[in-house]
Amino acid sequence: MLVAKTISHMRRALDNTKCPLGLVPTMGALHEGHLALVRKARSENATLAVTIFVNSTQFASHEDFATYPRNLERDLTILEAEGADVVFVPSNEEMYPPGFGTFVDVGRIGQILEGQFRAGHFLGVATVVLKLLNICRPDRAYFGQKDSQQCMVLRSMVEDLNLEVELMTVPTVRESDGLALSSRNACLGVEERRAARVVSQALFAAKAMWESGVKNADLLKRQTRDILARESLVAQIDYVSIADARTIEELEVVEGKAILSTAVKIGSTRLIDNVILEPQELL
Ligand code: PAF
(Lines give C-alpha, C1' and ligand atoms only; values in the text may rest on other atoms or scores of the structure.)
Protein backbone atom coordinates (compact mmCIF):
# COMPACT_ATOMS: atom_id res chain seq x y z
CA MET A 1 0.00 0.00 0.00
CA LEU A 2 1.42 3.35 -1.02
CA VAL A 3 0.92 6.41 1.18
CA ALA A 4 1.12 9.77 -0.62
CA LYS A 5 1.38 13.06 1.25
CA THR A 6 1.56 15.45 -1.69
CA ILE A 7 -0.72 16.04 -4.66
CA SER A 8 2.07 15.36 -7.16
CA HIS A 9 2.98 12.08 -5.43
CA MET A 10 -0.68 11.01 -5.39
CA ARG A 11 -1.08 11.80 -9.09
CA ARG A 12 2.09 9.86 -9.97
CA ALA A 13 0.97 6.93 -7.81
CA LEU A 14 -2.32 6.72 -9.68
CA ASP A 15 -0.85 7.30 -13.14
CA ASN A 16 -0.27 3.68 -14.08
CA THR A 17 -2.89 1.91 -11.99
CA LYS A 18 -5.57 -0.35 -13.43
CA CYS A 19 -9.08 0.97 -14.19
CA PRO A 20 -11.65 1.31 -12.81
CA LEU A 21 -10.42 3.38 -9.88
CA GLY A 22 -12.65 3.56 -6.80
CA LEU A 23 -12.16 6.45 -4.33
CA VAL A 24 -13.26 6.58 -0.71
CA PRO A 25 -12.82 10.10 0.73
CA THR A 26 -12.70 10.10 4.55
CA MET A 27 -11.66 12.28 7.46
CA GLY A 28 -10.06 9.26 9.16
CA ALA A 29 -10.85 7.81 12.61
CA LEU A 30 -12.09 4.86 10.59
CA HIS A 31 -14.94 2.68 11.83
CA GLU A 32 -17.11 -0.07 10.36
CA GLY A 33 -19.18 2.56 8.49
CA HIS A 34 -16.07 3.62 6.55
CA LEU A 35 -15.10 -0.01 6.09
CA ALA A 36 -18.44 -0.73 4.40
CA LEU A 37 -17.47 1.95 1.84
CA VAL A 38 -13.92 0.61 1.55
CA ARG A 39 -15.10 -2.99 1.07
CA LYS A 40 -17.69 -2.07 -1.52
CA ALA A 41 -15.18 0.05 -3.40
CA ARG A 42 -12.58 -2.73 -3.15
CA SER A 43 -15.00 -5.30 -4.57
CA GLU A 44 -16.12 -3.08 -7.47
CA ASN A 45 -12.83 -1.61 -8.70
CA ALA A 46 -9.42 -2.78 -9.90
CA THR A 47 -7.70 -0.03 -7.90
CA LEU A 48 -8.77 1.37 -4.54
CA ALA A 49 -7.69 4.79 -3.30
CA VAL A 50 -8.66 6.20 0.10
CA THR A 51 -8.11 9.75 1.29
CA ILE A 52 -7.70 10.78 4.92
CA PHE A 53 -7.98 14.52 5.46
CA VAL A 54 -9.73 16.37 8.27
CA ASN A 55 -11.00 19.20 6.11
CA SER A 56 -10.75 22.50 7.99
CA THR A 57 -13.02 24.39 5.55
CA GLN A 58 -16.10 22.32 6.42
CA PHE A 59 -15.89 23.25 10.13
CA ALA A 60 -17.07 26.64 11.39
CA SER A 61 -14.71 28.36 13.83
CA HIS A 62 -16.79 27.32 16.88
CA GLU A 63 -17.01 23.66 15.76
CA ASP A 64 -14.93 20.62 16.68
CA PHE A 65 -12.10 20.74 14.09
CA ALA A 66 -9.39 20.78 16.78
CA THR A 67 -10.86 17.91 18.76
CA TYR A 68 -12.12 15.81 15.82
CA PRO A 69 -10.80 12.25 16.44
CA ARG A 70 -7.53 11.51 14.60
CA ASN A 71 -5.57 8.25 14.53
CA LEU A 72 -3.55 8.03 11.34
CA GLU A 73 -1.36 5.07 12.29
CA ARG A 74 -4.35 2.91 13.19
CA ASP A 75 -6.22 4.01 10.04
CA LEU A 76 -3.29 3.03 7.80
CA THR A 77 -3.01 -0.40 9.44
CA ILE A 78 -6.72 -0.97 8.86
CA LEU A 79 -6.57 0.16 5.22
CA GLU A 80 -3.57 -2.05 4.52
CA ALA A 81 -5.53 -5.05 5.86
CA GLU A 82 -8.54 -4.06 3.70
CA GLY A 83 -6.39 -4.10 0.57
CA ALA A 84 -6.27 -0.38 -0.27
CA ASP A 85 -3.75 0.34 -3.02
CA VAL A 86 -3.06 4.02 -2.38
CA VAL A 87 -3.87 6.30 0.57
CA PHE A 88 -3.68 10.10 0.28
CA VAL A 89 -2.90 11.92 3.54
CA PRO A 90 -2.28 15.55 2.60
CA SER A 91 -1.52 18.33 5.07
CA ASN A 92 -3.75 21.37 5.37
CA GLU A 93 -1.08 23.47 3.60
CA GLU A 94 -0.97 20.99 0.70
CA MET A 95 -4.73 21.28 0.14
CA TYR A 96 -5.09 24.96 1.03
CA PRO A 97 -1.84 26.76 0.25
CA PRO A 98 -1.52 30.50 0.98
CA GLY A 99 -3.72 32.44 -1.43
CA PHE A 100 -6.31 29.67 -1.81
CA GLY A 101 -9.65 31.35 -2.52
CA THR A 102 -11.93 29.26 -4.76
CA PHE A 103 -15.00 27.61 -3.24
CA VAL A 104 -17.80 25.52 -4.74
CA ASP A 105 -21.26 26.86 -3.85
CA VAL A 106 -24.01 24.35 -4.66
CA GLY A 107 -26.79 26.85 -3.86
CA ARG A 108 -29.95 26.21 -1.86
CA ILE A 109 -29.45 22.44 -1.42
CA GLY A 110 -26.37 23.28 0.66
CA GLN A 111 -28.03 26.02 2.69
CA ILE A 112 -31.00 24.21 4.21
CA LEU A 113 -31.09 21.64 7.08
CA GLU A 114 -27.44 20.93 7.95
CA GLY A 115 -26.45 23.98 5.91
CA GLN A 116 -28.67 26.19 8.03
CA PHE A 117 -27.17 24.99 11.31
CA ARG A 118 -23.61 24.67 9.96
CA ALA A 119 -23.16 27.78 7.80
CA GLY A 120 -20.52 27.20 5.14
CA HIS A 121 -20.27 23.46 5.87
CA PHE A 122 -21.25 22.29 2.39
CA LEU A 123 -19.11 24.98 0.76
CA GLY A 124 -16.17 23.24 2.44
CA VAL A 125 -17.40 19.72 1.65
CA ALA A 126 -18.07 20.41 -2.04
CA THR A 127 -14.77 22.24 -2.43
CA VAL A 128 -12.63 19.53 -0.88
CA VAL A 129 -14.45 16.71 -2.68
CA LEU A 130 -14.06 18.47 -6.04
CA LYS A 131 -10.34 18.89 -5.27
CA LEU A 132 -10.01 15.22 -4.33
CA LEU A 133 -11.87 14.16 -7.50
CA ASN A 134 -9.58 16.36 -9.60
CA ILE A 135 -6.47 15.03 -7.90
CA CYS A 136 -7.43 11.34 -8.08
CA ARG A 137 -9.75 11.26 -11.15
CA PRO A 138 -11.67 8.17 -9.97
CA ASP A 139 -14.32 6.33 -11.98
CA ARG A 140 -16.43 5.92 -8.83
CA ALA A 141 -16.51 7.71 -5.47
CA TYR A 142 -18.17 6.22 -2.38
CA PHE A 143 -20.14 8.04 0.35
CA GLY A 144 -22.30 6.91 3.27
CA GLN A 145 -26.09 7.30 3.40
CA LYS A 146 -25.70 8.51 6.99
CA ASP A 147 -24.63 11.86 5.53
CA SER A 148 -27.68 11.92 3.26
CA GLN A 149 -27.58 15.65 2.54
CA GLN A 150 -23.88 15.44 1.74
CA CYS A 151 -24.71 12.74 -0.85
CA MET A 152 -27.34 15.01 -2.41
CA VAL A 153 -25.07 18.05 -2.40
CA LEU A 154 -22.31 16.07 -4.11
CA ARG A 155 -24.73 14.57 -6.64
CA SER A 156 -25.89 18.08 -7.46
CA MET A 157 -22.28 19.27 -7.88
CA VAL A 158 -21.43 16.33 -10.15
CA GLU A 159 -24.49 17.00 -12.33
CA ASP A 160 -24.11 20.78 -12.44
CA LEU A 161 -20.38 20.70 -13.22
CA ASN A 162 -20.58 17.69 -15.60
CA LEU A 163 -18.03 15.70 -13.63
CA GLU A 164 -17.17 12.29 -15.01
CA VAL A 165 -17.52 10.24 -11.86
CA GLU A 166 -20.16 7.84 -10.62
CA LEU A 167 -21.27 8.58 -7.06
CA MET A 168 -22.06 5.48 -5.02
CA THR A 169 -24.12 5.65 -1.82
CA VAL A 170 -23.63 2.92 0.79
CA PRO A 171 -26.25 2.15 3.50
CA THR A 172 -25.69 3.33 7.07
CA VAL A 173 -23.97 0.86 9.39
CA ARG A 174 -25.45 0.69 12.91
CA GLU A 175 -24.40 -0.59 16.33
CA SER A 176 -26.54 -3.42 17.73
CA ASP A 177 -28.74 -0.87 19.57
CA GLY A 178 -29.30 1.10 16.36
CA LEU A 179 -26.84 3.97 16.84
CA ALA A 180 -25.47 4.99 13.43
CA LEU A 181 -21.68 4.63 13.33
CA SER A 182 -19.88 7.97 13.33
CA SER A 183 -16.38 9.09 14.26
CA ARG A 184 -18.02 11.54 16.69
CA ASN A 185 -19.51 8.63 18.71
CA ALA A 186 -16.04 8.39 20.27
CA CYS A 187 -16.71 11.77 21.92
CA LEU A 188 -19.71 10.42 23.89
CA GLY A 189 -19.30 9.64 27.58
CA VAL A 190 -20.71 6.32 28.90
CA GLU A 191 -24.12 7.76 29.87
CA GLU A 192 -24.26 9.83 26.69
CA ARG A 193 -23.52 6.74 24.60
CA ARG A 194 -26.44 4.98 26.28
CA ALA A 195 -28.68 7.98 25.63
CA ALA A 196 -27.58 8.28 21.98
CA ARG A 197 -29.58 5.23 20.96
CA VAL A 198 -32.70 7.42 21.25
CA VAL A 199 -31.78 9.05 17.92
CA SER A 200 -32.31 5.93 15.80
CA GLN A 201 -35.16 4.78 18.08
CA ALA A 202 -37.05 8.00 17.36
CA LEU A 203 -36.45 7.74 13.60
CA PHE A 204 -37.45 4.09 13.39
CA ALA A 205 -40.56 4.67 15.52
CA ALA A 206 -41.70 7.37 13.08
CA LYS A 207 -40.84 5.12 10.16
CA ALA A 208 -43.02 2.37 11.69
CA MET A 209 -45.83 4.91 12.05
CA TRP A 210 -45.41 5.84 8.36
CA GLU A 211 -45.45 2.15 7.42
CA SER A 212 -48.70 1.76 9.34
CA GLY A 213 -50.28 4.35 7.03
CA VAL A 214 -49.62 7.79 8.58
CA LYS A 215 -48.47 10.03 5.72
CA ASN A 216 -48.83 13.44 7.41
CA ALA A 217 -45.30 14.79 7.80
CA ASP A 218 -46.15 16.96 10.84
CA LEU A 219 -47.47 13.95 12.77
CA LEU A 220 -44.40 11.88 11.88
CA LYS A 221 -42.04 14.70 12.88
CA ARG A 222 -43.94 15.24 16.15
CA GLN A 223 -43.58 11.56 16.97
CA THR A 224 -39.82 11.78 16.34
CA ARG A 225 -39.43 14.91 18.48
CA ASP A 226 -41.54 13.49 21.32
CA ILE A 227 -39.31 10.42 21.59
CA LEU A 228 -36.12 12.49 21.41
CA ALA A 229 -37.43 14.88 24.07
CA ARG A 230 -38.07 12.02 26.52
CA GLU A 231 -34.30 11.45 26.81
CA SER A 232 -32.92 13.92 29.35
CA LEU A 233 -29.39 13.88 27.87
CA VAL A 234 -30.68 15.24 24.55
CA ALA A 235 -29.43 18.79 25.04
CA GLN A 236 -30.71 20.24 21.77
CA ILE A 237 -32.73 19.19 18.72
CA ASP A 238 -31.49 21.22 15.74
CA TYR A 239 -34.11 19.85 13.35
CA VAL A 240 -36.39 16.97 12.48
CA SER A 241 -37.08 16.96 8.77
CA ILE A 242 -39.07 14.97 6.27
CA ALA A 243 -37.87 15.98 2.86
CA ASP A 244 -38.19 14.88 -0.74
CA ALA A 245 -35.33 12.43 -1.39
CA ARG A 246 -34.20 14.29 -4.53
CA THR A 247 -34.73 17.98 -3.80
CA ILE A 248 -34.63 17.83 0.03
CA GLU A 249 -37.49 20.33 0.15
CA GLU A 250 -39.76 19.77 3.18
CA LEU A 251 -42.90 17.69 2.55
CA GLU A 252 -46.38 18.04 4.01
CA VAL A 253 -47.54 14.60 2.88
CA VAL A 254 -45.13 11.70 2.39
CA GLU A 255 -46.15 10.08 -0.88
CA GLY A 256 -42.93 9.48 -2.85
CA LYS A 257 -39.46 8.59 -1.63
CA ALA A 258 -38.52 10.77 1.35
CA ILE A 259 -35.78 11.14 3.94
CA LEU A 260 -36.61 11.52 7.62
CA SER A 261 -33.56 13.10 9.22
CA THR A 262 -32.51 14.71 12.47
CA ALA A 263 -29.58 16.45 14.11
CA VAL A 264 -29.34 16.45 17.90
CA LYS A 265 -26.83 17.26 20.57
CA ILE A 266 -26.22 14.62 23.20
CA GLY A 267 -24.26 16.59 25.79
CA SER A 268 -21.92 18.62 23.57
CA THR A 269 -21.66 16.00 20.80
CA ARG A 270 -23.73 16.68 17.69
CA LEU A 271 -25.11 13.58 15.97
CA ILE A 272 -27.00 13.27 12.70
CA ASP A 273 -28.99 10.32 11.41
CA ASN A 274 -31.70 9.53 8.87
CA VAL A 275 -33.97 6.81 7.54
CA ILE A 276 -35.40 6.44 4.07
CA LEU A 277 -39.18 6.32 3.65
CA GLU A 278 -39.68 4.55 0.36
CA PRO A 279 -43.08 3.31 -0.78
CA GLN A 280 -42.92 -0.37 -1.85
CA GLU A 281 -44.07 0.32 -5.38
CA LEU A 282 -41.02 2.59 -5.88
CA LEU A 283 -38.52 -0.06 -4.72
O1 PAF B 1 -17.99 12.49 5.00
C2 PAF B 1 -16.84 12.90 5.28
O3 PAF B 1 -16.08 12.24 6.00
C4 PAF B 1 -16.37 14.24 4.75
O5 PAF B 1 -17.39 15.17 4.73
C6 PAF B 1 -15.69 14.12 3.36
C7 PAF B 1 -16.66 13.65 2.30
C8 PAF B 1 -14.51 13.18 3.45
C9 PAF B 1 -15.17 15.50 2.93
O10 PAF B 1 -14.26 16.02 3.84
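The structure is a predicted model.

**The ligand and its shell**

Please begin by selecting the ligand together with P25, T26, M27, N55, Q58, V128, V129, F143, D147 and Q150, which are the residues around it. By class, this shell comprises five nonpolar, four polar and one charged residues.

Next, display the side chains of Q58 and Q150. A polar side-chain atom of Q58 is placed 2.6 Å from an oxygen atom of the ligand. For Q150, the distance from a polar side-chain atom to an oxygen atom of the ligand is 2.7 Å. How much of the ligand does the protein bury? Taken alone, the ligand exposes 290 Å², and the protein buries 89% of that.

Now colour strand 2 (21-26) and helix 6 (121-136). These are the elements that give two or more residues to the shell around the ligand.

**Helix 6 and helix 7**

The crossing of helix 6 past helix 7 is right-handed.

Is the peptide bond from C19 to P20 cis or trans? The bond is cis, with omega near -5 degrees.

Then move to the loop between strand 2 and helix 2 (32-44), and select A29 there. The backbone of A29 deserves a look: its phi is near 50 degrees, a positive value in a residue other than glycine.

**Helix 8 and helix 9**

Finally, select residues 190-211, which form helix 8, and residues 217-229, which form helix 9. Their axes lie 8 Å apart, and the helices pack at an angle of about 150 degrees. How are the two helices oriented to each other, roughly parallel or roughly antiparallel? Angles over 145 degrees count as roughly antiparallel, and helix 8 and helix 9 are therefore roughly antiparallel to each other. To finish, view this pair along a line that passes through both helices: the crossing of helix 8 and helix 9 is right-handed.

Definitions and conventions:
Residues numbered from 1 in each chain as written. Predicted model: local features only at pLDDT ≥ 70, side-chain atom pairs only at ≥ 80, totals over all residues. Heavy atoms only, no water. Near = heavy atom within 4 Å. Polar contact = N/O pair within 3.5 Å; in protein donor to acceptor, adjacent residues only side chain to side chain. Areas by Shrake-Rupley, 256 points an atom, 1.4 Å probe, with all protein chains shown as cover. Helix = DSSP H or I, 4+ residues; strand = E, 2+ residues; numbered from the N terminus. Nonpolar A, V, L, I, M, F, W, Y, C, P; charged D, E, K, R; others polar. Axes fitted to C-alpha atoms, helices over the stretch in contact; angles between N-to-C directions. Parallel < 35°, antiparallel > 145°, perpendicular 65-115°, else oblique. Left-handed = near helix turned anticlockwise from the far one by under 90°.
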